[in-house]
Amino acid sequence: MKKLFAIILSLAMLTCLFAGCAGQNDPTEPPVSQDPTDSTPAATDPSQEEPADLSGTLVVYSTQTDADHEVFLKIFNEKYPNVKVEFTNDSLGALIARVKAEKENPQADVIFGGLSQSDGDAYVDLLEPYTPAYADECGIKTNNGCYTYFTYQYVCLIVNDEVLSKLGVEVNGYEDLLQPELVGQIILADPGASSSAWRQLQTMLAVTGDTFGDEKSWEYCKSLMKNCNGVSTNSSSTVYKSVYNGEYAVGLTYDNGAISLLMSGADNCRIVWPKEGNTVCGFASAMIKNCPHPELAKAFLDVLSSAEFQLAREKVAGSRGSNTTYTNDESYFPADIDDGVVDLDFAELASQKEELIEKWTDLWAEVNS
């Protein structure tokens with residue numbers, strides 16, 4: 001009798017388990033309130049076709065913020081509870097240098113962020129081709145077979161209102177950065193080391209002249225360098241953190257970093273979207289070639305490509321996702337931000353990147369000699 005009761009109990013538990021699985025939400029759609037009486041089965045989640053019993057340690061070289069890491073881990077660990085994720089943060093330049101140095105014996109599995117549409121094939125020899133689970137839902141198609149696009153990036157300025165008030169100036173765009181009161185009060189990153197600084201250079205060359213990279217735009221860059229008074233960093237996060245700490249009045253940064261700062265409660269800072277216009281670029285992650293844990297890396301990129309992750313990330317960190325199947329009504333972006341966007345020729349940028357960064361570096365050395 002006891003044995004019969006145990007069998008019946010086991011069957012009942014299995015029935016409940018399968019019923020629970022059938023009622024899961026489709027992560028490619030924004031979360032909605034679930035009516036407990038609704039028995040409509042959810043759509044199949046492609047990522048669930050991957051083995052859920054993966055285990056081990058996934059090493060991620062990341063250019064992203066702590067907020068990005070936290071929201072990713074929450075979703076990833078629900079799917080793969082036996083996988084430990086270790087993040088190592090640095091600028092893209094430093095991380096690429098590290099991957100190159102470790103090429104014969106890779107120590108990491110994934111580069112998270114920093115890789116952009118304007119890279120062309122610059123890093124393909126360091127990466128492993130992979131098509132993630134939700135690639136068909138992405139608004140940007142990979143240009144090299146290796147990139148998993150997960151976000152769009154706009155550039156911006158971050159200002160400390162308390163410092164600006166003491167200086168007696170207002171900042172509404174790039175031209176305002178040339179005010180004499182701001183000498184030594186501006187911080188930017190090196191475009192040769194930081195992906196967001198490279199984006200800033202692209203944008204300044206696109207919106208401060210009459211045509212991209214003309215003499216007028218480079219004259220602007222030279223004047224800005226003079227006002228920076230030699231202040232530069234290799235780290236994207238140092239820019240917005242230094243402005244928040246009151247060390248500088250203005251920083252040239254990017255949407256994700258600035259919005260994350262505001263979302264964390266920084267009430268002494270404000271985002272300025274340059275009145276001259278903006279540019280927008282897709283950013284990606286990728287699996288490192290011959291990485292130690294390719295199955296874990298694939299699982300990482302599958303989650304990264306999903307609407308579930310990208311919606312959660314936008315709500316926590318502010319950046320727009322590349323997955324086209326979700327909407328967000330809590331955006332930090334002005335409704336008309338795309339009206340001032342200048343289109344970039346990413347293929348041309350990829351071919352000119354080394355030349356443009358070298359020109360910036362030489363001009364910086366000349367101004368600060």
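**Helix packing and selected residues in a predicted model**

I begin with a contact between two helices: from α6, the residues Trp 218, Cys 221, Lys 222, Met 225, Lys 226 and Cys 228 meet Leu 356, Lys 359, Trp 360, Leu 363, Trp 364, Glu 366 and Val 367 of α11. By class, this contact of α6 with α11 comprises 9 nonpolar residues, no polar ones and 4 charged ones. Please bear in mind throughout that the model is predicted.

Two packed helices are described by the angle between their axes and the distance between the axes. Helix α6 covers residues 215-228 and helix α11 covers residues 346-367; their axes come within 10 Å and cross at roughly 45°. The two helices are therefore oblique to each other, since angles under 35 degrees would count as roughly parallel and those from 65 to 115 as roughly perpendicular. The crossing of α6 and α11 is right-handed.

Let me stay with α6 for a moment. How far apart are the end C-alpha atoms of α6, and what span should its 14 residues have? At 1.5 Å a residue the helix should span 20 Å, and the end C-alpha atoms are 20 Å apart, so the two values agree.

Which residues of α6 are buried? They are Ser 217, Trp 218, Tyr 220, Cys 221, Leu 224, Met 225, Asn 227 and Cys 228. An α-helix has 3.6 residues a turn, so residues three or four places apart point the same way. Trp 218, Cys 221, Met 225 and Cys 228 are among the buried residues, and they are also among the α6 residues that meet α11. Helix α11 is one of several partners: the buried residues of α6 also pack against strand β6 (186-189), helix α5 (195-207) and strand β8 (250-254).

The chain leaves α6 through Asn 229, which takes a positive phi of about 55° just after the helix. Asn 229 is not a glycine, and its place is in the loop between α6 and β7 (232-233). Is Asn 229 buried or exposed? With a relative accessibility of 52%, Asn 229 counts as exposed, because the cut-off for that class is over 50%.

The axes of α2, residues 66-79, and α9, residues 294-304, come within 10 Å and cross at roughly 120°. This angle makes α2 oblique to α9. The crossing of α2 and α9 is right-handed. On the α2 side the contact involves Phe 72, Ile 75, Phe 76 and Lys 79, and on the α9 side Ala 299, Phe 300, Val 303 and Leu 304. The contact of α2 with α9 has 7 nonpolar residues, no polar ones and 1 charged residue.

Helix α8 (residues 255-263) and helix α10 (residues 307-317) have axes that come within 8 Å and cross at roughly 65°. Here Asn 256, Ile 259, Ser 260 and Met 263 of α8 make the contact with Arg 313, Glu 314, Lys 315, Val 316 and Ala 317 of α10. These residues divide into 4 nonpolar, 2 polar and 3 charged.

Next, the loop between β10 (280-288) and α9, which holds Cys 291 and Asn 290. Asn 290 is not a glycine, yet it has a positive phi of about 60°. Asn 290 is exposed, with a relative accessible area of 57%, whereas Cys 291 is buried at 9%. Beyond its neighbours within four places in sequence, Cys 291 is in contact with Pro 106, Ala 108, Asp 109 and Ala 297. The C-alpha atom of Cys 291 is separated by 10.0 Å from that of Leu 126, which lies 165 residues away along the chain.

One further buried residue deserves mention. Ile 111, in strand β3 (residues 110-116), has a relative accessible area of 0% and is buried. Tyr 61, 50 residues apart from Ile 111 in sequence, is 4.8 Å away from C-alpha to C-alpha. Setting aside neighbours within four places in sequence, Ile 111 is in contact with Tyr 61, Leu 92, Ile 96, Val 99, Leu 127, Ser 285, Ala 286 and Ile 288.

I close with the chain as a whole. The protein chain has 11 helices and 10 strands. Of its 369 residues, 50% are buried. Among contacts with a separation of 6 or more, 77% come from residues 24 or more positions apart.

Conventions: Residues are numbered from 1 along each chain as its sequence is written. This is a predicted model: local features need pLDDT of at least 70, side-chain atom pairs count only at pLDDT 80 or more; totals for chains, interfaces and linings use all residues. Side-chain values use heavy atoms; hydrogens and water are left out. Axes are lines fitted to C-alpha atoms, for helices over the stretch in contact, and angles run from 0 to 180 degrees between N-to-C directions. Helices (H or I, at least four residues) and strands (E, at least two) are DSSP runs, numbered from the N terminus. Angles under 35 degrees count as roughly parallel, over 145 as roughly antiparallel, 65 to 115 as roughly perpendicular and the rest as oblique. A crossing is left-handed if the near helix is turned anticlockwise from the far one by less than a right angle, and right-handed if clockwise. Contact means heavy atoms within 4.5 Å. Ala, Val, Leu, Ile, Met, Phe, Trp, Tyr, Cys and Pro count as nonpolar, Asp, Glu, Lys and Arg as charged, and the others, Gly among them, as polar. The expected span of a helix is 1.5 Å times one less than its number of residues. Buried means under 20% relative accessible area, exposed over 50%, partly exposed in between (1.4 Å probe, protein chains only).
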